Amino acid sequence: MKKVIALCLSVLLVFGVFAGCGSKDKTEPTAPPVIKLSVSDTDLKTDYVKSYKIPTAEARSVVDKKKKLEVKVKCFAPDGKDVVVNAGAIAPSGIGKYKITYNATDLNGTAAKEAVVNVEFIDGGIIVTPK
């Protein structure tokens, strides 16, 4: 009887050790990545220009702070239409408030909280002709 109990305990111990081994599941939930903007003020106002260099952003995994993540940037005109972001700049079609969004997702598929910068282009005394 003692041998049967000892054998059962040994089997449980071996299974317990092996169950604790192995790599972590990469789909394990993690804290969302963090997006850091190059500006502290997220509501900007400037004179209308033909090309505007938008604020930059960096995203990092909270779990692995050394790992930079791709930041996806989109821009929307006052009428809600997409504005092309090219080499970190936009070409506004006229005066008004433009919304720039920054998003990132880590390797586990966890999305960061979207960062938003609003840039309002105003008439600085020049004649603005929409495209």
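**Group meeting: sheets, core and an aromatic cluster**

Tyr52, Tyr98 and Phe121 form one aromatic cluster. I start there, and then go on to the core and the sheets. Please keep in mind that this is a predicted model.

How many aromatic pairs does the structure hold? There are 2. In one of them, the ring centres of tyrosine 52 and phenylalanine 121 are 5.2 Å apart and the planes stand at 85°, so this pair is edge-to-face. Tyrosine 52 belongs to strand β3, residues 52-53, and phenylalanine 121 to strand β11, so the pair ties together parts that are 69 residues apart in sequence. Is tyrosine 52 buried or exposed? Its relative accessibility is 15%, and buried means under 20%, so tyrosine 52 counts as buried. Phenylalanine 121, at 2% relative accessibility, counts as buried too.

The other pair is tyrosine 98 with phenylalanine 121, again edge-to-face, with 5.2 Å centre to centre and 80° between the planes. This pair also links distant parts of the chain: tyrosine 98 sits in strand β10 and phenylalanine 121 in strand β11, 23 residues apart. Tyrosine 98 is buried, as is phenylalanine 121.

In soluble globular proteins, nonpolar side chains tend to be buried together. Here the largest nonpolar core has 21 residues, and those with the most contacts inside it are Ile35, Ile90, Tyr102 and Phe121. Two or more residues come from each of β1 (34-37), β10 (96-103) and β11 (115-122). Which element gives the most to this core? That is β11, with 4 residues. As for isoleucine 90, leaving aside residues up to four places away in sequence, its contacts include Tyr52, Cys75, Val83 and Phe121.

Next, the sheets. Strand β6, residues 72-76, runs antiparallel to β7 and is joined to it by 2 bridges. Cysteine 75 stands opposite valine 83 in β7.

The C-alpha atoms of lysine 45 and valine 119 are separated by 5.7 Å, although the two residues are 74 apart along the chain.

A second open sheet has 3 strands, ordered β1-β4-β5, and its pairing is antiparallel. Why is one side of β1 and of β5 left without a neighbour in the sheet? Both β1 and β5 (68-69) stand at the edges with a single partner strand each, so one side of each stays without a neighbour there. Strand β4, residues 57-60, is joined to β5 by 2 bridges. Arginine 60 has lysine 68 in β5 as its bridge partner.

Last, a loop residue. Threonine 110 lies in the loop between β10 and β11. With a relative accessible area of 19%, threonine 110 is buried, the limit being under 20%. Apart from residues up to four places away in sequence, threonine 110 touches Thr30, Ala31, Pro32, Pro33, Ala104 and Thr105.

Notes: Residues numbered from 1 in each chain as written. Predicted model: local features only at pLDDT ≥ 70, side-chain atom pairs only at ≥ 80, totals over all residues. Heavy atoms only, no water. Pairing = 2+ DSSP bridges. Core = buried A, V, L, I, M, F, W, Y, C linked by side-chain atoms within 4.5 Å. Buried < 20%, exposed > 50% of the residue type's maximum accessible area, 1.4 Å probe, protein only. Contact = heavy atoms within 4.5 Å. Phe/Tyr/Trp six-rings, centres within 6.5 Å; stacked < 30°, edge-to-face > 60°.
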